[in-house]
Amino acid sequence: MKVTLLGCGRWGSFIGWYLDKIGHDITIWGLSDAPQYIELVTTRKNNMLTFRDSISFSDDLEASVARADVLIISISSQQLRSFIQRVAVLDLSGKKIVLCMKGIEATTGCRLSEIVTQYVPPYVPVAIWVGPGHPQDFSKGIPNCMVIDSSDDEVKHFLISEFSSDLIRFYVGQDLIGSEVGAAAKNTIGIAAGMLDGMNVSSLKGALMSRGTREIARLIAAMGGNELSAYGLCHLGDYEATLFSQYSHNRRFGEMLVKGEKFDKLAEGVDTTKALVLLGEKYNVDLPICKGVKSVIEGKMTAEQALNDMFLRSIKSEF
């Protein structure tokens, strides 16, 4: 199957490497002036992987889209709306779109699949690929489980059959709303976990995991999804990789934030946190952890004040 990766960051490049490894015909597209793309074209390597000659690289968006049966988009979530407008004007007949990215649009609260379906023709199926794991671990042969979800049952079963291997076992997602919101929201909980690490109170991560999952479950249910999705691979199942791993950008961002240090990489949870608070207001769901993280990021509250609000609140029943 011909697959084009639109995006050559750590996830996009890994997915290209992975799908080539299991036998698909891969093109990785990137911006000609992007440092990551230049490195890949010049050396056929990045800091994790070496790319076989069977993988093609291209900075021609139209040609990269035209050759593909499946388009996998892996870019910053806040850039998706402008990017999909560029893709949507091209011929998408017979193609499937897969979003391997986690986030919610900060200004609107839109889920990523919602953004895509606003622009692409209705005959183009859209799926998401989410769940735990870091490219750094996968590249070392450490397996994990992930989820593919879509409103099109035939498409998600087809993609799972094509993309599964001993390295990644895919489960069939059954709740697109829950899968997307849960996958995005785990990054906000990851920032909170980093804040706990930075304050040397990492023992509170157990409470964070319990209350964070419950908080996001309430939001998913209010949005029309299945609250049990928050307890699946898209959210709770991704906590180890996000709340504890040295590779987690969001955990590291939170840790450096409370220490007053600058984090110079992408932490998707920053914008996602803004979107979650927006959705909480829209659906009348109390999101104390999300609101606390947002207040600390914006400098409206200290991490110590947020910790007090999150974990030392007035007496209430657990469930």
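**Close-up views of a predicted model**

View 1. V70 stands opposite K96 in β5. L71 stands opposite I97, also in β5. This is a predicted model. Strand β4 covers residues 70-73, and four bridges join it to β5. The two strands run parallel.

**View 2. The side chains of β5 point two ways.** Strand β5 spans residues 96-99. K96 and V98 point one way. I97 and L99 point the other way.

**View 3. Strand β6 pairs with β5.** Strand β6 takes in residues 126-130. Its pairing with β5 is parallel and has three bridges. Here L99 stands opposite I128 in β6.

View 4. Helix α4 (residues 80-88) forms a β-α-β unit with β4 and β5, and the unit is right-handed.

**View 5. Eight strands build an open sheet.** Their order is β3-β2-β1-β4-β5-β6-β7-β8, and the pairing is mixed. Which strands stand at the edges? They are β3 (56-58) and β8 (168-172). Each has a single partner strand, so one side of each has no neighbour in the sheet. On average, neighbouring strands are turned by 25 degrees against each other, direction ignored.

**View 6. Helices pack on the sheet.** Helix α4 lies across β1 (2-6), β2 (25-29), β4 and β5. It runs at about 160 degrees to β4. Helix α8 (residues 176-198) also packs on the sheet, where it touches β6 and β7 (144-150). The direction of α8 makes about 45 degrees with that of β6.

**View 7. Salt bridges join charged side chains.** The structure holds 20 salt bridges. One pairs K156 with D149, with the closest N and O atoms 3.5 Å apart. Both K156 and D149 are buried. Another pairs D286 with K291, at 3.2 Å between the closest N and O atoms. D286 has 34% relative accessibility, so it counts as partly exposed. K291 is partly exposed as well, at 41%.

View 8. K294 and E298 meet in a salt bridge, 3.0 Å from N to O. E298 counts as partly exposed, with 34% relative accessibility. Which residues are linked in a network of salt bridges? They are D197, K205, R251, R252, E255 and K259.

Note on methods. Residues are numbered from 1 along each chain as its sequence is written. This is a predicted model: local features need pLDDT of at least 70, side-chain atom pairs count only at pLDDT 80 or more; totals for chains, interfaces and linings use all residues. Side-chain values use heavy atoms; hydrogens and water are left out. Buried means under 20% relative accessible area, exposed over 50%, partly exposed in between (1.4 Å probe, protein chains only). Two strands pair if DSSP finds at least two bridges between them. A crossover is right-handed if, with the strands pointing away from the viewer, the path from the first strand over the helix to the second runs clockwise. Axes are lines fitted to C-alpha atoms, for helices over the stretch in contact, and angles run from 0 to 180 degrees between N-to-C directions. Contact means heavy atoms within 4.5 Å. A salt bridge is a side-chain nitrogen of Lys or Arg within 4 Å of a carboxyl oxygen of Asp or Glu.
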